Amino acid sequence: MLTVSVKWLKEVFPKVEIDTSQPPYVFKCQLYDLTGVPPERQKIMVKGGLLKDDADWATVGVKEGQKMMMMGTADEIVKAPEKGPIFMEDLPEEEQVVALGHTAGLFNLGNTCYMNSTVQCLHSVPELKSALSNYPSQKSGDLDQTSHMLTAATRELFNELDKSVKPVAPMQFWMVLRKKYPQFGQLHNGVYMQQDAEECWTQLLYTLSQSLRSPSPSQNPDTIKGLFGIELVSRVHCQESGEESSETESVYSLKCHISQEVNHLHEGLKHGLKSELEKASPSLGRSAIYLKESCINALPRYLTVQFVRFFWKRESNQKAKILRKVDYPLQLDVYDFCSDDLRKNLEAPRQILRDEEGKKAGLKAKVKSSSSKDNDAKMTDVEGPSNESLKSSNSTSGEGGSSDKESHLTGIYDLVAVLTHKGRSADSGHYVAWVKQESGKWIEYDDDNPIPQREEDITKLSGGGDWHMAYICMYKARAFPV
């Protein structure tokens, strides 16, 4: 690290840090935060001419305490006449965000599109933002320091995105992410390497699951599990020995396995819930093949699906990509993948949801012969079920978010975010986030460039070529309000 002073116009910024392990473009992003001058407009005088974005600091020859001069004009908000119409440019930046209908993009700090796309998808979850806003600035309990720092950095980055219409440089978040998970700081020829967005997504959620825990007995102690956790119950059977057992686990995503038989997400999920594993058989006294068949026993508020597109290719010693086209819907119904107990609990909310949608479409709701008595019974099933039948609902309540005292899940989900990958390898190519806004319109977040998109184009990101294809899909539960 070097410390320099930078003069711009009549202002002097003392003690600006330069991380010489990162390209000068990152330094320019820091100056953008200080001055409002976009990196492409900055002209920084160094020995031998102007500082280039990809220059080598060693050859530039910057020294500790050196005074540097920058030229360039900052973005200006156009001033309106004293009397007249108020233009969006005249509004405070937070009001501009509301008027614009979407939040800011994120600068790419050097192969960080995997991180930017992950952040933009998770930033779209209001319950997660609410939980982060309640996170204390001081570390508490036995949480390790780097987990606390990453959680705090996530909170601050989310706040910046909400308040800014200009692109945000996620410097602090990126530095803390690399400190917590050193694999994201791998270098190749002095440049930070591209990483797997799914690994970034998983590690970030794991960290938040450790830090966002509520001490209040009235709330779900595990916020992240409540929002994203899927409880699976599995039957493990050995055909050779006849041994059978069951096991329960909590995961943050369902896997869509891709093969020649898979053309649609529904088929891929079905394959993903079945697997073969080899383990020791007590009765046979040796290893044997077991079939593991899983089903969903508790649903989250946000259902994440990962398309298993990458596999390790020994010949090239890298992750190769399956380009096969796999269609996915805007509305996903996971009822077929649920356990019998969960299906029973979903029946009443699903019927009420169908009736409500029928009314909106001008149809009459189903009415049984003894309507008042049966309707009373039906509403009791939804509003006051047993503790066992509330199992899936209770698992979805998030700190500061919509709790299941207010709604019950139906097993039906709406697509709200897609993380895509363009390229042939997980460790190269380009990642982009496609996020549905509260207004209903879709925005493509290509790093610092948010681009409006049509909803009908979102499901075309299904693969089959070298264009962007879905790698992670996030669905939001369609719940029935009590």
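Reply: Buried means under 20% relative accessible area, exposed over 50%, and partly exposed in between (1.4 Å probe, protein chains only). The model is predicted, so local features need pLDDT of at least 70 and side-chain atom pairs count only at pLDDT 80 or more, while totals for chains, interfaces and linings use all residues. Residues are numbered from 1 along each chain as its sequence is written, and side-chain values use heavy atoms, with hydrogens and water left out.

Me: What share of the residues in the chain is buried?
Reply: The chain has 482 residues. Of these, the buried ones make up 46%.

Me: How many helices and strands are there in the chain?
Reply: Both are DSSP runs numbered from the N terminus: helices (H or I) have at least four residues and strands (E) at least two. By that rule the chain has 14 helices and 21 strands.

Me: What span does helix H6 reach from its first C-alpha to its last?
Reply: The expected span of a helix is 1.5 Å times one less than its number of residues. Helix H6 covers residues 145–163, which is 19 residues, and the expected value is 27 Å. Its reach is close to that, at 27 Å.

Me: Which helices do the buried residues of H6 pack against?
Reply: The buried residues of H6 include Leu150, Ala153, Thr154 and Leu157. Contact means heavy atoms within 4.5 Å. The partners of the buried H6 residues are helices H4 (113–123), H5 (126–133), H7 (171–180) and H8 (197–211).

Me: Which residues touch the most other members of the largest nonpolar core?
Reply: A nonpolar core is a set of buried Ala, Val, Leu, Ile, Met, Phe, Trp, Tyr and Cys residues joined through side-chain atoms within 4.5 Å. The largest one has 57 residues, and those touching the most other members are Leu128, Phe173 and Phe228.

Me: Which residues is phenylalanine 173 in contact with?
Reply: Neighbours within four places in sequence are left aside here. The contacts of phenylalanine 173 are then Met115, Val119, Leu150, Ala153, Thr154, Leu157 and Leu204.

Me: How many salt bridges does a search of the whole structure find?
Reply: A salt bridge is a side-chain nitrogen of Lys or Arg within 4 Å of a carboxyl oxygen of Asp or Glu. One network of them links Arg454, Glu456, Asp457 and Lys460. The search of the whole structure gives 20.

Me: How far apart are the closest N and O atoms of lysine 359 and glutamate 356?
Reply: Lysine 359 and glutamate 356 both lie in helix H11 (residues 340–360), three residues apart, about one turn of the helix. An α-helix has 3.6 residues a turn, so residues three or four places apart point the same way. The two form a salt bridge, and the closest N and O atoms are separated by 3.8 Å.

Me: Why does the pair of lysine 436 and glutamate 455 tie together separate parts, and how many residues apart in sequence are they?
Reply: Lysine 436 forms a salt bridge with glutamate 455, with the closest N and O atoms 3.6 Å apart. Lysine 436 is in strand E18 (residues 430–436) and glutamate 455 in helix H14 (residues 455–458), so the pair ties together parts whose separation in sequence is 19 residues.

Me: Is methionine 69 buried or partly exposed, and what is its relative accessible area?
Reply: Methionine 69 is in strand E5 (residues 67–71). It counts as partly exposed, and its relative accessible area is 41%.
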